[in-house]
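The following note sets out numbered remarks on the structure shown below.

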Amino acid sequence: MDTKIVKKQQPKYINPYFGGILLGLLLLAAFFIAGRGLSASGAVKLLVVTVVDKVAPAHAEGNAYYSKFIPADGSSPLYNWLIFGAIGTFFGGMLSGAIFGRLKKLRVEHSPKISARTRLIAAGAGGILFGIGSQFGRGCSSGAALSGTASLSFGGLIVMALMFGIGYVFAWFFRKLWI
Amino acid sequence: MNKNYLFLAILMILLAAGLLLVPERQNYQQIKPEKLMWDITQTSRFVTVDQVAQMIIEGDPTLELIDIRPAKDFEAFSLTNAINIPLDSLMKPDYQDYFGIEDMNVVFYGNSDIKADQAWVISKRMGYNSIYVMQGGLNCWIRKIIQPVEPEESASQEEFDLYQFRKGACAFFTGTKVEAPDAGKTGIKVVKRKKGTAVAGGC
Amino acid sequence: MGPLIPQEIITGQWDFVIALLIGGAFGFILEASGFSSSRNIAGVFYGYNFVVLRVFFTAMIVAMVGLLYFSYFGWIDLDLVFVLPTYLNSMLFGGFLMGLGFVIGGFCPGTSYTAVAIGKIDGIVFATGFLIGVFLFAEGFPFYEDFYTANDLGNITIGEMFGISNEWIAFLFVVVAIVAFYVTWLIEKRVRKNMTEYKFE
Amino acid sequence: MHVHELNPKKTVITMVIFVVVIIAGLLTLTNPRLKYALTPEQTVLLTVSDDGGITPEKLELMLTGSTEKVEIIDIRNHYEFARGHIPGARNISAVELLEKDNIEWLKDLQEKGFTVVIYGKNQMQANGPWMVFRQIGFSNVHVLLGGYQYYLAYKNHETQNYSPCKADFNYAEVAKVSVTSGEDNNQPAKKTTIVRRKKKGGAVAGGC
């Protein structure tokens, strides 16, 4: 991976096709090594399961969804491939941010037409919708749409098509948030 | 537009088109002829009728008996819980689902063991493991399990034990009372064969 | 040969180290491509920045074509590769919600992690919202358990669904992707002309 | 600045590396030494057709007649071979059958129109090797029905027609004969209830 700091006059981002090919090769490597693609939402799911299991074990046992992910041998659901992957994602992002000079103090990025508060409310609402949707969709944009479609899963294709399609359908209503 | 993008696009399309053009290869799952021949020379693929009988009596859940005779014969007589897959329909997709099930031991049988062995060779080629052939087939089954021959006086204790087991097994499969073993033999003459003619499957 | 872990060629604790490395590379690529910025991502819906589409489709076609080649070479056993099972109703609904969440929130989970990593508060809020969303889903699970598993098509591939070979599917994807790259390039050029205030964050 | 004005040098390099890997994969793709000439389906047809078996009578005819070119392969081990074999047979034990020299020799024979007959101590022993030969394209290979045992019996005129695959008994009758005593505790065999699992699913489930 090229970690050379790019020159000032060039944009700070790598060429999107370069990123795409690298991501594709990484995905291929993940399939080759682990037999599964990349994933992001699974870690949060396991985190939720763990917290609920710690706080209210009886409740977690009674719920068919939580109990599905609690290991039978009593080990922690956190000791899982998905969690390590998510930790890696976080630090990988941090490394890239540090190299390209984007790792700065806490800030909110928003369109000049809206306030930071509006942006945060939208982010939270979007996050909740995405959270619910990812569980129905058996994975988020990386797990279902990208890895799923790349492994030629029909479900992955559906999730991808709908995710972008609905995004375009509703884009007009939320244009103030972005442009 | 940068020419490099055109180059990239063409490269990617060629790569994808290559997938369509490459000559079809033999299914990756089939084992190589060399490996197949090696497996054939091993005799570990055989199970005896006694072993099969014992597994049936014990109700071994991993046993999957496959009867390769035509459906008509299967309906007339079959071993307990056997599945009928006539040899000519072995490769039908419906029947393929019976193979490769985890923890299941597939045992082929036919009248003798030749056809069962052929079914075994084909299944082995398809890459299935845990498959076996019942030695001697049903002919042997009848001779040994249904009509066990009492060993001679001079025979070893083991042979007598085996005989006892077979009598018991016979009772299990035919409903004979163990106390009256002779009843099972009425009307059937023990086939004595000349030396040197013990050919039929080496039962 | 592959996949290595399901065939137990790599075992023990190594798979977590590998998970960490693969995850790390994933995060790096996402961030370096500009996915830590929600405005970059949302640009795909308004035509001013198609970086999401470019990265996403390029990655998909490269991985798809590579996977089929690897399978052809016998390097990877496709039967052992996890094919996401298809639950039609649930996935349609999930895709709908995610599309909505995408255009409102401007992130998806993976990209929000990288946004958190470089100190974006909106990323933190999105990730927290995501966590709450998963929690809400799990709490309400008994109410829609049947819906969740309805219309189960199993581990069906796109090729099986449409009755053509997966190689053709991959080829079509490549062609569609490249056409999309060209069209979005034209659109982007046009939109950017009328948009002066936007700059890369 | 427009993204597309960037020079995609690194992109091209990565892409070329990817293509090189795939071309390397194509080039190193070793063609297997032996290939199946029959599909599994064709092999099934072969086994059903009773084609490819040769009776000792026919073998005798072929050996005495001068028109047919015949080679005989004895696949038993050397010790067994030394104790007696069909006149003119060549001893290649089963494990050596697919060795390079032997395949060459067989190919040569096939081109010259020879009929090859293989036999073991019984038909079972030669059955598998015969099927492998047929599957890799040696359609001139035949198996001696009954094997050496039966051949000897035939030579000594001690045998009747060989029909190994026929039922020696009426199974249904024989197996039920004892039930005539009255008690009918011979329940009809339960039909199996095998859980039909698909083979897929080797991969870890769970997903994103």
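Which residues touch the most other members of the largest nonpolar core?

1. Basis of the remarks. This is a predicted model, in which local features need pLDDT of at least 70 and side-chain atom pairs count only at pLDDT 80 or more, while totals for chains, interfaces and linings use all residues. Residues are numbered from 1 along each chain as its sequence is written, and chains are lettered from A and ligands numbered from 1 in the order in which they are written.

2. The largest nonpolar core. Leu27(A), Met64(C) and Val65(C) touch the most other members of this core, which has 145 residues. Helix α3 (residues 51-73) of chain C supplies the largest share, 17 residues. Domain 1 (1-104) and domain 2 (106-179) of chain A each contribute at least three residues; such domain bounds come from an automatic or database domain assignment. A nonpolar core is here a set of buried Ala, Val, Leu, Ile, Met, Phe, Trp, Tyr and Cys residues joined through C-beta atoms within 7 Å. A residue is buried if 20 or more other C-beta atoms lie within 10 Å of its own, exposed if 12 or fewer, and partly exposed in between, with C-beta atoms placed from the backbone.

3. Met64(C) and the second core. Residues up to four places away in sequence aside, Met64(C) touches Ala150(A) and Leu152(A) as well as Ala170(C) and Phe173(C). Contact requires that the C-beta atoms of two residues, placed from the backbone, lie within 7 Å. A second, separate core has 73 residues, among them Ala53(B), Leu106(D), Val116(D) and Tyr151(D).

4. Chain A overall. Chain A has nine helices and zero strands. Helices (H or I, at least four residues) and strands (E, at least two) are DSSP runs, numbered from the N terminus. Of its 179 residues, 59% count as buried. When contacts in chain A between residues at least 6 apart in sequence are considered, 53% join residues at least 24 apart.

5. Most residues other than glycine have a negative phi. Arg138(A), although not a glycine, has a positive phi of about 60 degrees, and Leu152(A), likewise not a glycine, has one of about 65 degrees. Arg138(A) lies in the loop between α6 and α7 of chain A, whereas Leu152(A) lies in the loop between α7 and α8 of chain A. Arg138(A) counts as buried because 27 other C-beta atoms lie within 10 Å; Leu152(A) is buried as well, with 25 such atoms.

6. The interface of chains A and C. Here 112 residues of chain A are in contact with 114 residues of chain C. The elements giving two or more residues to the chain A side include α1 (16-34), α5 (81-99) and α8 (154-171) of chain A. With 18 residues, α1(A) gives the most to that side.

7. Helix α1 of chain A against helix α1 of chain C. The axes of α1(A) and helix α1 (residues 14-32) of chain C come within 10 Å and cross at roughly 165 degrees. These two helices are therefore roughly antiparallel. Axes are lines fitted to C-alpha atoms, for helices over the stretch in contact, and angles run from 0 to 180 degrees between N-to-C directions. Angles under 35 degrees count as roughly parallel, over 145 as roughly antiparallel, 65 to 115 as roughly perpendicular and the rest as oblique. Among the residues making the contact are Leu22(A), Leu26(A) and Ile33(A) of α1(A) and Ile22(C), Phe26(C) and Ile29(C) of α1(C).

8. A helix pair within chain C. Helix α5 (residues 109-117) and helix α6 (residues 121-139) of chain C have axes that come within 8 Å and cross at roughly 140 degrees, so α5(C) and α6(C) are oblique to each other. Their contact includes Tyr113(C) and Val116(C) of α5(C) and Phe126(C) and Phe130(C) of α6(C).

9. Met91(B). This residue is found in the loop between β3 (83-84) and α5 (93-96) of chain B. Met91(B) counts as partly exposed because it has 18 C-beta neighbours inside 10 Å. Leaving aside neighbours within four places in sequence, Met91(B) is in contact with Pro40(D), Glu41(D) and Val44(D).

10. Chain D. Chain D has eight helices and five strands. Buried residues make up 35% of its 208 residues.
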